[in-house]
Protein chains: 2
Amino acid sequence: MTASRPRQLHLNAFLLIAGHHDAAWRHPRTEPDRIVDRRYFQQLAQTAERGLLDSVFLADGLALWGNARHNALGGFEPLTLLSALAAATERIGLIATVSTTFNEPFHTARKFASLDHISEGRAGWNIVTSGTVQEARNFGQDTHLEHRLRYERAREFVEVATKLWDSWEDDAILLDRERGVYADTDRVREIEHRGEYFGVQGPLNVPRSPQGYPLLVQAGSSEDGKEFAAQYAEAVFTAQQTLADAQAFYKDLKSRLARYGRTEDQLLVLPGIAPVIGSSEAEARALEQELTELQVPEYGLAQLSGMLGTDLTGLPLDGPLPELPEERDINGNKSRFTLVAELARRDNLTLRELIARLGAGRGHHVFAGTPEQVADHLEEWFTEGGADGFNIMPPHLPGGLENFVDHVVPILQQRGLFRTEYTGRTLREHYGLRRPANRLTSA
Amino acid sequence: MTASRPRQLHLNAFLLIAGHHDAAWRHPRTEPDRIVDRRYFQQLAQTAERGLLDSVFLADGLALWGNARHNALGGFEPLTLLSALAAATERIGLIATVSTTFNEPFHTARKFASLDHISEGRAGWNIVTSGTVQEARNFGQDTHLEHRLRYERAREFVEVATKLWDSWEDDAILLDRERGVYADTDRVREIEHRGEYFGVQGPLNVPRSPQGYPLLVQAGSSEDGKEFAAQYAEAVFTAQQTLADAQAFYKDLKSRLARYGRTEDQLLVLPGIAPVIGSSEAEARALEQELTELQVPEYGLAQLSGMLGTDLTGLPLDGPLPELPEERDINGNKSRFTLVAELARRDNLTLRELIARLGAGRGHHVFAGTPEQVADHLEEWFTEGGADGFNIMPPHLPGGLENFVDHVVPILQQRGLFRTEYTGRTLREHYGLRRPANRLTSA
């Protein structure tokens, strides 16, 4: 994003168990017996690194995400897994999702500082507020904190975390063996935070890390989410069904930055896309159809019930959606609710059709085609103001990622849209973003 | 510990920044500029693995441990670092310290299950209750939870964690692609825990891990600590100054097991020892003296003030200790308080002498000598009922660990006291302990 270089795509590999399609684990091209095998994820990360991708990204939830009867659920915790991947890779960024609703800022700031040291500057934090009462119930709460209050807590959480990351100046460590002075303690500060949600004395017990802060990422697209992103996020992952929606979101979000004293190049908008890749368009469509046919309707219905905040159990699959609540009454993922409701309305889908449409991307954009067509599609969104890059969500793993790296990336490179080597060392450098200054440094 | 094998030592490498001596970072044989370098710890872990040690062990605190002006403080968070070390080693166990006072059981159970999967069964959890008000202040509390209540919380915490680890049966995953059945959800259970400190619905979102539970370790030697250990721990790390003290502790702890329906071989007693190794006794003593001379008295005095719950600032270094409180009035590490107070009393030490005696091991046993003498010493404690093995605390790193591995381990092997190859895969197998049965399994 510097003036001297043409604008290029940023691409993350969003890794999820056997792939993003909810029936991927049933497909013969996947390896669901390996979802708690570290080496499986090492191979995926190494594939993504071979493709020069910006990062691998792990989503997270603090409860089982669905009914394990019909999907390959239950796997690694992101910060531990990414620490292991840090030791098995050299350059690729490592983005972990961690909730601000059910964590303490001291722990979270510390673990990300640790991961940033472990990976020599490749850590990113996808900041989420957690959407379900199932998660609350694993932390002593019978009800889930209200959406607006979750974001209020998230803002204070990030404020505390950044203060902790700044509690050591970059040059605080003197290492003067002769005089017996390890650190200049004038440059290691208590943060003395006392707020609505947290009281944290500090300093952190980890020196300032290579990136200063991990890359700050955000993935909510509600009104609260967008405002939070405009204030803090350096990258936003978002689900957009159409280019028009993506353009509107992109413009909206970028326009909010100025009120926080930020410029448009300080935040990258990265929609998710699930590319179903075939050597011909027919082959891609056939693969998509195979995956759809492997879906278990009860599973899809249960997932849809969660997204729509509406119990759909027992409704006829070939009938229409029932009356839905308003977004303001949703206390989970508000923007995903609206996206799914609008998708069904716009295309007049039956429940079965909607479940099929959501199978590969859970609301993220799905595109089936040849590598050339996928590259065209990414280029269009990128050049037409819909995206600064993408979260690549392979419907099936490891093959879907390998296809992307081996067949789509070279086309993007030929078109000058994607790097041909890593020029940076840190994730922030891959993204073309500056290392944050220390806000606690005395003048 | 099986009948078919002679009793052998269990040895952990307790890794701490530049070494355990509080002046190690000033010594030319150490590399304090590498304490946030993952590769430094990888090399240490690989050295320990070359020596066939049972595990590497990381202590932890949730605040800076002392004054960073005079010691190399601030480093990695244990669970992230050990996850990285898992990817760089094959067989050695990985034991992380995590506090039950400032964490939530869902997070902790999940991260250890994740580390156990990542490492293919090599995870261990050193369960601590945290000893300082500085830690409380990083978690919104002005005062530190009372010692007895910390252990009450710890007991409930471990109960919840074990239920979560049992919430997936070992064979819950069916992976029946044909029928679309991933898991047998009759074997994945909510735990529905509602207790004094925690409410946790479950199940965990990680399948049961290779060891079932991580190895459960405990390191407090107070009355509360010993009772907790007798109920839950499979290994106890302890500080014992003399063989007589170690024997008394060993006998006491083992005698408590029966009341929890446990046998003596289900818990290993592992005192810490800081071996100062030289090719001659004179060389070892000279190294010890070098390290003592590098100590910064203000630092030692501050650390001692913490251990004794008494502000010693400004007292003459060559004078005696002031009047001390009683153990019952200490809300930090009670057993360490008593150990240090007794050491000073027994040997009639000045403050300066006490600081020197604590420099290498913070109250753990220090022994300077040749590899032969160190081996004799370990053998004596092991055969005379003082220990089942040891936490090896090299005063300086990496050299102190290399010396132990290259020169002490071979002697122990020649004497039949230590393994000559890894026969097990998991940490529990290294320790000769059984994999725990699932307590939630229906009959």
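Helices (H or I, at least four residues) and strands (E, at least two) are DSSP runs, numbered from the N terminus. With these labels in hand, the reader can follow the structure above, which is a predicted model.

Chain B can be superposed on chain A by a rotation of 180° with 0.0 Å of shift along the axis, and the RMSD is 0.0 Å. The two copies are thus related as by a two-fold rotation axis. Within chain B, the C-alpha nearest this axis belongs to B:A84, at 2.0 Å from it.

The next topic is the interface itself. On one side, 79 residues of chain B are in contact, and on the other, 79 residues of chain A. Because 100% of the interface residues of chain B are also interface residues in chain A, the copies meet through the same surface. Between chain B and chain A an area of about 6,200 Å² is buried, and carbon and sulfur atoms give 54% of it. Three residues, B:R69, B:R177 and B:Y182, supply 12% of the area that chain B buries against chain A, more than any other three residues.

Which kinds of interaction cross this interface? The rule finds 10 salt bridges between chain B and chain A. A salt bridge joins the side chains of A:E90 and B:R39, with a distance of 3.7 Å from N to O. There are also 48 residue pairs in polar contact across the interface of chain B and chain A. On the side of chain B that touches chain A, at least two residues each come from the helices α1 (38-50), α2 (78-86) and α3 (105-118), and likewise from the strands β5 (173-176), β6 (181-183) and β8 (199-200). Sorted by class, that side of chain B has 34 nonpolar, 24 polar and 21 charged residues.

From the interface, the text turns to the backbone. Most residues other than glycine have a negative phi, and most peptide bonds are trans. Against this background, several places deserve attention. In chain A, the peptide bond from A:G202 to A:P203 is cis, with omega near -5°. A:P203 belongs to the loop between β8 (199-200) and β9 (215-218) of chain A. In chain B, B:G202 and B:P203 are likewise joined by a cis peptide bond, with omega about -5°, and B:P203 lies in the loop between β8 and β9 (215-218) of chain B.

Two residues of chain A call for a look at phi. A:I17 is not a glycine, yet its phi is positive, at about 30°. This residue lies in the loop between β1 (10-14) and α1 (38-50) of chain A. Is A:I17 buried or exposed? Its relative accessibility is 17%, and the cut-off for buried is under 20%, so A:I17 counts as buried. A:E192, also not a glycine, has a positive phi of about 50°. Its place is the loop between β6 (181-183) and β7 (193-194) of chain A. A:E192 has a relative accessible area of 54%, and exposed means over 50%, so this residue is exposed.

Three further residues show what surrounds a buried position. The loop between α3 (105-118) and β4 (123-128) of chain A holds A:G121, which is buried, with a relative accessible area of 0%. Leaving out residues up to four places away in sequence, A:G121 touches A:D116, A:P210, A:Q211, A:T426 and A:L427.

A:W381 lies in helix α12 (residues 371-383) of chain A and, at 3% relative accessibility, counts as buried. Apart from its neighbours within four places in sequence, A:W381 is in contact with several residues, among them A:Q240, A:L243, A:P271, A:H365 and A:F390. B:N12 is buried, with a relative accessible area of 0%. Its side chain and that of B:N391 are joined by a polar contact of 3.0 Å. When neighbours within four places in sequence are set aside, the residues in contact with B:N12 include B:L53, B:D54, B:I95, B:F237, B:N391 and B:Y431.

Terms used: Residues numbered from 1 in each chain as written. Chains lettered and ligands numbered in written order. Predicted model: local features only at pLDDT ≥ 70, side-chain atom pairs only at ≥ 80, totals over all residues. Heavy atoms only, no water. Contact = heavy atoms within 4.5 Å. Buried area = accessible area lost by both parts, 1.4 Å probe. Salt bridge = Lys/Arg side-chain N within 4 Å of Asp/Glu carboxyl O. Polar contact = N/O pair within 3.5 Å; in protein donor to acceptor, adjacent residues only side chain to side chain. Nonpolar A, V, L, I, M, F, W, Y, C, P; charged D, E, K, R; others polar. Least-squares fit on C-alpha atoms with pLDDT ≥ 70 in both. Buried < 20%, exposed > 50% of the residue type's maximum accessible area, 1.4 Å probe, protein only.
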